[in-house]
Amino acid sequence: MILDLKNIWSNINHNCVFCDLISANKSICHDCFEDLPRPTNPCLCCAIDLPVTSKYQYCHQCVSNPPPFKRTYAAFNYQFPINLVIPKIKKERQRFHLTWLAAALAAQISNQPSSKHPQALIPVPISMLKKIYKGYNQTEQLAQYLGKLLKIPVDDSLVLKNRNTRPQAELNARERKQNLQQAFSVTDNIYQHVAIIDDVMTTGSTAIEIAKALRETGIEQVDLWILARTPL
Ligand SMILES: [Zn+2]
Ligand SMILES: [Zn+2]
């Protein structure tokens, strides 16, 4: 109850979440928003931030071993203070952060012509058991906000999580891959182009597993929209 009050309060309170200044925009003031860590020279495929001096559009990893997704859009780098805010959505149920984070990501994507937009947004699913325990899936909520802002339908039943898995954050890169093997299945597909929606991308194992399953059903293009990308 107390936690829900926090989310309700944030909707009527216009103080910036970082500096407490009264802000015309909800949740975050202009200066704090401008100061957030953003990719300056992101790899077009996986959004890892390349050195500003790099003249390449793709990182070495994506060139030598191309992932099954084509394009990643990341609103921020997973650095201070974004790396403090996103865990709070999960651990402290501060879901009000999703509104301004989604708006930032949508603003970046709306720079692209709508002809390049996907036909549907696919939130990274959680297992049924976890959803019952948590009461909601935050990536589903993020996808709903993005869908509304960009007028793209959300399909939360195309990809299902078959079983509960260990939290990826507890595992190293090799364990992350093993942890997710055969963890996702795709129901009847009707799309040619979709975007997977997730909050943070670290090694990309989750996105790779889901994109692989989607591509196997004949989807030509899978993109990835994330709030934040862990930098090199
Ligand atoms: Zn501020
Ligand atoms: Zn890359």
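I'm calling two residues in contact if their C-beta atoms, placed from the backbone, lie within 7 Å. This is a predicted model, so I keep local features at pLDDT of at least 70 and side-chain atom pairs at pLDDT 80 or more, while totals for chains, interfaces and linings use all residues. Residues are numbered from 1 along each chain as its sequence is written, and chains are lettered from A and ligands numbered from 1 in the order in which they are written.

**Ile-196.** I looked up what Ile-196 touches, leaving aside neighbours within four places in sequence. Its contacts are Phe-69, Ile-122, Val-124, Ala-207, Ile-210, Ala-211, Val-222 and Leu-224.

**Core.** Ile-196 and Ile-197 have the most contacts inside the largest nonpolar core, which has 55 residues. By nonpolar core I mean buried Ala, Val, Leu, Ile, Met, Phe, Trp, Tyr and Cys residues joined through C-beta atoms within 7 Å. Buried means 20 or more other C-beta atoms within 10 Å of a residue's own. At least two core residues come from each of β1, α4, α5, β2, α7 (138-150), β5, α9 and β6.

**Strand β5.** I took helices (H or I, at least four residues) and strands (E, at least two) as DSSP runs, numbered from the N terminus. Strand β5 covers residues 193-201, and seven of its nine residues are buried, so the rest of the structure largely encloses it.

**Pairing.** I count two strands as paired if DSSP finds at least two bridges between them. β5 pairs in the parallel sense with β2 (residues 120-123) over four bridges, and with β6 (residues 221-229), also parallel, over eight bridges. Ala-195 in β5 stands opposite Leu-121, and its bridge partner in β6 is Asp-223. I also found Pro-123 bridged to Ile-197 in β5.

**Sheet.** The open sheet has four strands in the order β1-β6-β5-β2, with parallel pairing. β1 (72-77) and β2 are at the edges with a single partner strand each, so one side of each has no neighbour in the sheet. Twist averages 20 degrees from one strand to the next; angles run from 0 to 180 degrees between N-to-C directions, with axes fitted to C-alpha atoms, for helices over the stretch in contact.

**Helices on the sheet.** I find α4 (residues 82-91) lying across β1, β5 and β6, at about 105 degrees to β6. Helix α5 (residues 97-109) packs on the sheet, touching β1 and β6, and its direction makes about 130 degrees with that of β1.

Terms used. A residue is buried if 20 or more other C-beta atoms lie within 10 Å of its own, exposed if 12 or fewer, and partly exposed in between; C-beta atoms are placed from the backbone.
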